[in-house]
Amino acid sequence: MPRPPTQFPQFSSVADVSKRLSTAGYLPDAQIATTVFLADRLGKPLLVEGPAGTGKTELAKALATATGSELIRLQCYEGLDEARALYEWNYKKQLLRIQASQGTDGADWNTVHDDIFGEEFLLSRPLLTAIRRTEPTVLLIDETDKADVEVEGLLLEVLSDFQVTIPELGTIAATRRPMVVLTSNATRELSEALKRRCLYLALDYPSAEREREIVLSRVPDLAPGLADQLVRTVRALRALELKKSPSISETLDWAQTLLELGLDTLDESVMRSTLGVVLKHASDQERAAAELRLN
Amino acid sequence: MDAGAATTAEPGGLAGHLDGFVRAVRGAGIPVGISQAVDAAEILTVVDLLEREQLRHGLAAVLLQRAAQRPTYDVLFDLWWPLSDRPRTSADAGDDGNADGEPGESTLDVPGLDDAELSELMRAQLLKLLMDGDEEALRRFARMAVDRLGRGQPSPSGQSFFSYRVLRALSPDTLISQLLAGLLNEGDRGGLAEQVARHTVRERLAAFRAAIEAEVRRRTAAEKGRDKVAKNAIRPLADQVDFLRAQSSDLAELRRAVAPLARRLAVRLSARRRLGREGRLDFRKTVRASLATGGVPVVTHHRPRKVHKPELVVLCDVSGSVAGFSHFTLMLTQALREHFTGVRAFAFVDTTDEVTRFFRPGADVVDAVARIGREADVVGFDGHSDYGTAFEVFADRWASAVGPKTSLLVLGDGRTNYRPPGMPVLADLVRRSRTAHWLNPEPRRLWGSGDSNADRYGEVIDMVECRNAAQLSEFVTTL
């Protein structure tokens with residue numbers, strides 16, 4: 001199995017991953033740090049799966065910051081196709097070029113042909129952009145589960161060889177291999193073939209201790225005692241069977257809200273008035289109010 | 001650290017040991033391909049083998065493909081790459097923690113303590129640890145507690161360890177009130193603060209119990225061989241749990257497994273509505289767009305197609321014998337209701353009632369199921385399933401519900417209690433509908449045994465075995 005182009009490991013050890021991600025504002029646990037380290041070392045794409053708001057996209061951004069790379073993002077959605085993910089010929093410009101040359105007699109077909117299938121008329125989409133870059137790159141393929149199955153086939157091809165063949169231009173191979181992070185909310189099972197080529201990282205809500213650290217690092221002005229209370233309350237909310245459990249980002253929003261309002265404790269009345277920050281469904285709010293005896 | 005030690009006994013060294021582990025993971029129902037096994041071997045060359053947690057997460061990254069597989073994997077990992085009893089190197093003593101010099105532990109080394117005094121002393125220590133909530137310290141304590149309190153009678157086959165002995169001696173549940181008092185200030189009782197504190201206490205106690213069980217497994221594996229332990233310790237993956245035998249502890253997990261499934265079904269149905277050929281050419285729009293390309297109609301525009309709205313009628317047996325099953329199917333119904341207006345749900349025991357109103361979008365499923373039991377008119381006579389009457393009532397009162405556009409979904413075990421099965425009514429419903437399926441939570445081999453009428457129903461309607469979440473998801477994808 002040939003290992004594609006040059007691949008310089010960015011991290012020296014798992015501890016190095018932890019340190020540099022923390023500096024970039026992302027606090028990884030042992031699992032995240034180890035898996036990121038391996039993805040970097042083995043040069044494999046990293047598939048991050050977990051509920052919404054557990055920091056999947058954030059991880060890719062922090063990774064780009066920590067390694068001094070540029071982040072290139074491919075947002076997946078239903079109906080995403082090659083023309084949006086890989087490359088597209090700018091046909092409008094091509095048409096203009098043809099029409100413009102019609103007036104002048106000098107241009108024969110060959111020169112026009114060579115001309116309109118040149119770099120100038122190529123619209124590079126995220127996947128091609130990431131492959132062609134010579135500087136360090138983190139390629140984030142976000143919400144892979146939203147894309148259609150055909151896109152997975154395309155990804156498989158690109159991610160295994162890191163090269164793209166454009167019939168008119170020839171094969172473009174990566175000179176420097178980007179670090180690839182795929183995220184998924186698990187709304188649909190990704191194909192076995194894709195999963196097999198990736199390192200799998202299941203992200204769940206963090207442990208109480210880690211979440212407290214995250215809150216304190218992102219909202220440093222919050223009193224530690226209140227952060228502790230906040231995190232324990234959020235965990236109690238997650239234990240209820242809600243339609244949408246509060247995510248880390250919502251915990252952070254809540255912390256920010258309490259700070260902005262100048263509140264120093266989380267009691268029934270505060271919670272009643274700010275519940276909308278963490279719970280976004282009416283039925284969830286009712287349920288939480290009943291279970292946590294807010295009334 | 002332990003990896004090296006454990007493998008010396010294996011033929012084939014580290015690679016052989018890894019192979020054994022991979023086989024065990026496969027044996028537990030987690031599919032691991034050859035390429036993944038090769039990747040796992042590569043992991044061994046990259047991670048720091050002295051760091052057990054690195055090895056755990058590293059192997060998990062290549063061997064697992066779904067979050068639900070993680071608990072099973074962790075149990076197996078602890079058996080195959082166990083913590084050692086004695087610290088081997090100085091580095092070990094640091095993170096392993098069985099070493100002497102643990103604060104608080106030394107007090108227990110006083111000779112001449114009897115059992116009652118020992119457990120009293122340890123209870124006090126446990127209380128302190130639970131109050132602090134330091135998970136690592138709690139795990140260390142659990143290991144020590146199993147050593148001190150968990151021993152059974154030594155027998156010729158070796159020393160055995162029991163978690164119930166530890167839990168009986170320490171009875172952590174009786175600490176709850178003290179823990180609550182410690183976590184709460186005076187005057188906080190009763191409201192939000194107490195609920196949150198209760199949750200925290202429950203969480204920490206569960207973590208302690210899990211640590212005790214893991215330690216008992218580890219010691220038993222050391223005494224009796226890990227294969228034996230692995231066989232007993234592995235619980236089926238959440239999507240393999242039988243609907244009819246699900247215990248309450250499985251239920252929450254099962255619901256989590258079914259929730260994305262419901263979403264997936266809804267996405268599938270709506271995707272089908274959107275994909276496919278586009279509608280008639282929109283001439284005006286196409287000509288307009290062609291102006292940008294010099295009059296050449298490069299892109300054609302089409303009018304949106306008329307969408308076919310799927311109508312789904314769910315007819316669900318909610319009697320006690322299939323309670324676990326109907327719960328999940330009603331969840332599916334709820335999820336579909338959130339996406340489509342044309343979903344109607346009917347529940348029956350020995351008579352039928354429409355329950356669509358309980359599933360209005362935004363409603364809570366657990367709530368809805370409880371309300372069906374209380375408010376819907378599904379029991380007419382004695383509370384035992386009567387399919388014949390149920391079908392008749394349905395066909396009679398809601399004759400218009402099933403039409404040529406309707407997909408009919410019947411959910412139940414087809415056990416008629418030897419009452420008339422109502423075959424002609426069902427056959428007529430099937431004939432009038434566009435498609436009809438029956439999901440049966442009983443294993444296929446039991447169809448037709450005793451009062452089951454499943455095989456006869458199977459002659460008039462497509463009957464599908466649907467015993468666990470995995471089969472349900474299979475059905476959803478073929479729909």
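In which loop of chain A does A:Glu143 lie? A:Glu143 is placed in the loop between strand 5 (137–142) and helix 8 of chain A, where helices (H or I, at least four residues) and strands (E, at least two) are DSSP runs numbered from the N terminus. The structure is a predicted model, in which local features need pLDDT of at least 70 and side-chain atom pairs count only at pLDDT 80 or more, whereas totals for chains, interfaces and linings use all residues. Residues are numbered from 1 along each chain as its sequence is written, while chains are lettered from A and ligands numbered from 1 in the order in which they are written.

The secondary structure of chain A comprises 14 helices and nine strands, and that of chain B comprises 20 helices and six strands. The C-alpha trace of chain A spans about 85 × 45 × 35 Å along its principal axes. Buried residues amount to 38% of the 295 residues in chain A and to 35% of the 479 residues in chain B; a residue is called buried if 20 or more other C-beta atoms lie within 10 Å of its own, exposed if 12 or fewer do, and partly exposed in between, with C-beta atoms placed from the backbone.

Two residues are taken to be in contact if their C-beta atoms, placed from the backbone, lie within 7 Å. Among the contacts in chain A with a separation of 6 or more, 77% are between residues 24 or more positions apart, and the corresponding share in chain B is 68%.

Between the chains, 41 residues of chain A are in contact with 38 residues of chain B. By class, the side of chain A that touches chain B has 17 nonpolar, eight polar and 16 charged residues, with Ala, Val, Leu, Ile, Met, Phe, Trp, Tyr, Cys and Pro counted as nonpolar, Asp, Glu, Lys and Arg as charged, and the others, Gly among them, as polar.

Helix 2 of chain A packs against helix 4 (residues 52–63) of chain B at an angle of about 60 degrees, with their axes 9 Å apart; the axes are lines fitted to C-alpha atoms, for helices over the stretch in contact, and angles run from 0 to 180 degrees between N-to-C directions. On the side of helix 2 of chain A the contact is made by A:Ala30, A:Gln31, A:Thr34, A:Thr35 and A:Leu38, and on the side of helix 4 of chain B by B:Glu53, B:Gln54, B:His57, B:Gly58 and B:Ala61. These residues divide into three nonpolar, six polar and one charged.

A nonpolar core is defined as a set of buried Ala, Val, Leu, Ile, Met, Phe, Trp, Tyr and Cys residues joined through C-beta atoms within 7 Å. The largest such core has 125 residues, and A:Leu46, A:Leu63, A:Val181, A:Leu199, A:Leu201 and B:Ala145 are those with the most contacts inside it. Its largest share, 10 residues, comes from helix 11 (residues 192–224) of chain B. Residues up to four places away in sequence aside, A:Leu46 touches residues including A:Val36, A:Val181, A:Leu199 and A:Leu201. A second, separate core of 47 residues includes B:Val318, B:Phe358, B:Phe391 and B:Val402.

Several individual residues may also be described. B:Phe346 is found in strand 2 (residues 343–348) of chain B and counts as buried because 24 C-beta neighbours lie inside 10 Å. The C-alpha atoms of B:Phe346 and B:Val410 are separated by 9.5 Å, although the two residues are 64 residues apart along the chain. A:Glu143 has a positive phi of about 55 degrees although it is not a glycine, and A:Glu143 is partly exposed, with 19 other C-beta atoms within 10 Å. B:Ser171, likewise not a glycine, has a positive phi of about 30 degrees; B:Ser171 lies in the loop between helix 9 (163–170) and helix 10 (176–183) of chain B and is exposed, with 12 other C-beta atoms within 10 Å.
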